[in-house]
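Subject: Model handover

Hello,

Here is the model we spoke about. Please open it and read the notes below alongside it.

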Amino acid sequence: MEFGWTSEQEEYRRRVRAALDDLLPDDWDEKYVPESYASDLQIDFSREFCAKLAERGLLVPHWPREFGGSGGKDWDHFILGEEMKAAGEPRGPQYMNVNWIGPTLMRYGSEEQKSQHVTGIASGKVIWCQGFSEPNAGTDLASLRTRAERDGDHYVVNGSKIWTSYARKADWCFLLARTGPSRKDISILLVPMDTPGVSVTSFPGLIKDGHLNEVFFTDVRVPVENRVGGEGEAWKIVTHALSYERVGVPRYHVGLEALKLAVEQLKDEGRYDDDPIVQSRAGMIAAKFEGARMLTYLVVDQRVRQLPPNTDANLSRIWSLDAVMDLMNFLAEFLPDALAGGDPLLEDYYRINIPAGVTGGTNEIQLDLVAVNGLGLPRG
Ligand SMILES: Cc1cc2nc3c(=O)[nH]c(=O)nc-3n(C[C@H](O)[C@H](O)[C@H](O)COP(=O)(O)OP(=O)(O)OC[C@H]3O[C@@H](n4cnc5c(N)ncnc54)[C@H](O)[C@@H]3O)c2cc1C
């Protein structure tokens, strides 16, 4: 397969790069990137940065004009995502709003929700977090226990969420809560994070500051009009939302950049040019990332042509993660000092990818979905 960009797409990529040159501070690589995009520093920066991107029509280029977009194609969004990811993701948490929260609300939200939240996200000034996982409900999300009980024109929410990235600084939570007795009686509520009874506690982990939080809900009153879709409809809506998230992160792009940095360092140290083993390992990783790129483009193309979601999205994610894991092993084997303070960019890449096979649904589950939905094998 031969893949080429159109001249308009190349021009668009140049516009994104020019905006990055213009809007990122001079000390971006040294000061901001090592802090990670979930740190307070980067989240605060992202509010200013995304608002300026929005003014230039570059935050949600693929959204319809009525929602603050530029009426472009999903390809524009992917070019944008590649360039942002390669630059250290200065959109901070707002890549998530743009990837799936906005599109989900566009499709399932009420008119009021669309006008408040979709246009809010398009302005680049609002931060969201995703309140799905709980201490005993990650993969098996249907076992979640946070409850929302109806009290007149409000729900009263009690329970807790865990691993809620960006929660400390978020304005809104896209929350899943149980609203009935059966396993899938789950509803979506949009909860302002400053509502009385919401509290956030951060905890440390191997990846950097800001990613790992618990959110507690104690008698939190949420107006019924903040529910997305009907009561108990979360399952259908979330399945749609996650089909966007699955191909949302162009891991191949930043992976190839990190591989390039690693090879340069090995060359500088005289450990590359005469070592066929190191060369072939690096070559295989580069080939895998290129494969991941093609699979991702295949899925984006299907989306642009409005074909129904299928297991190609799972495969593209599995393949990308495989390449990421190979690169992490390569770094640990050949450049261990770089990962322990020797090179902030490589160390950041390594740390941020430690949970890559877990966030947004684990790799095993992706494989399961391919087996059952793609190959028609019986459910295990
Ligand atoms: C850095 C980070 C950020 C995150 N951010 C968020 C966030 O913002 N919001 C949010 O809601 N969640 C977030 N998560 C949570 C993430 O979605 C869950 O960790 C993930 O869904 C897995 O759930 P779990 O941790 O409970 O693991 P478990 O579900 O307990 O899984 C443990 C292991 O068992 C395997 N396993 C489980 N069930 C099966 C099965 N049926 N078949 C085969 N294997 C299986 C899994 O693949 C995994 O390897 C984040 C997680 C991390 C690490």
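This is a predicted model: local features need pLDDT of at least 70, side-chain atom pairs count only at pLDDT 80 or more; totals for chains, interfaces and linings use all residues.

Residues are numbered from 1 along each chain as its sequence is written, and side-chain values use heavy atoms, with hydrogens and water left out.

Domains

The assignment gives domain 1 (7-126), domain 2 (130-232) and domain 3 (246-374). These bounds come from an automatic or database domain assignment. Between the C-alpha centres of domain 1 and domain 3 there are 23 Å. The two also touch: 16 residues of domain 1 are in contact (heavy atoms within 4.5 Å) with 19 residues of domain 3.

Ligand

Which residues place N or O atoms by the ligand's oxygen atoms? Polar contacts are pairs of N or O atoms within 3.5 Å; within protein, one must be able to donate a hydrogen and the other to accept it, and residues adjacent in sequence count only if both atoms are side-chain atoms. Phenylalanine 132 has a backbone N or O atom 3.0 Å from a ligand oxygen. For serine 133, a backbone N or O atom is 2.8 Å from a ligand oxygen. Glutamate 364 uses a polar side-chain atom, at 2.7 Å from an oxygen of the ligand. The protein covers 66% of the 970 Å² of accessible area that the ligand has on its own. Areas are from the Shrake-Rupley method with a 1.4 Å probe; for residues, only the protein chains shown count as cover.

Single residues

Helices (H or I, at least four residues) and strands (E, at least two) are DSSP runs, numbered from the N terminus. Buried means under 20% relative accessible area, exposed over 50%, partly exposed in between (1.4 Å probe, protein chains only). The contacts listed for isoleucine 43, glutamine 9 and aspartate 343 leave out residues within four places in sequence.

Isoleucine 43 sits in helix 3 (residues 40-55). Its relative accessible area is 1%, so isoleucine 43 is buried. Isoleucine 43 contacts Tyr37, Ala38, Pro93, Ile127, Tyr166 and Lys169.

One of those partners, tyrosine 166, lies in the loop between strand 3 and strand 4. Tyrosine 166 is buried, at 3% relative accessibility. Its phi is positive, about 70°, although it is not a glycine. Tryptophan 163 is in the loop between strand 3 (154-162) and strand 4 (172-178). Tryptophan 163 has a positive phi of about 65° and is not a glycine either.

Glutamine 9 belongs to helix 1 (residues 7-23). Is glutamine 9 buried or exposed? Buried, at 14% relative accessibility. Glutamine 9 contacts Trp75 and Ile79.

Aspartate 343 falls in the loop between helix 10 (312-334) and helix 11 (344-353). Aspartate 343 is buried at 13%, and touches Gln265 and Ala338.

Best wishes
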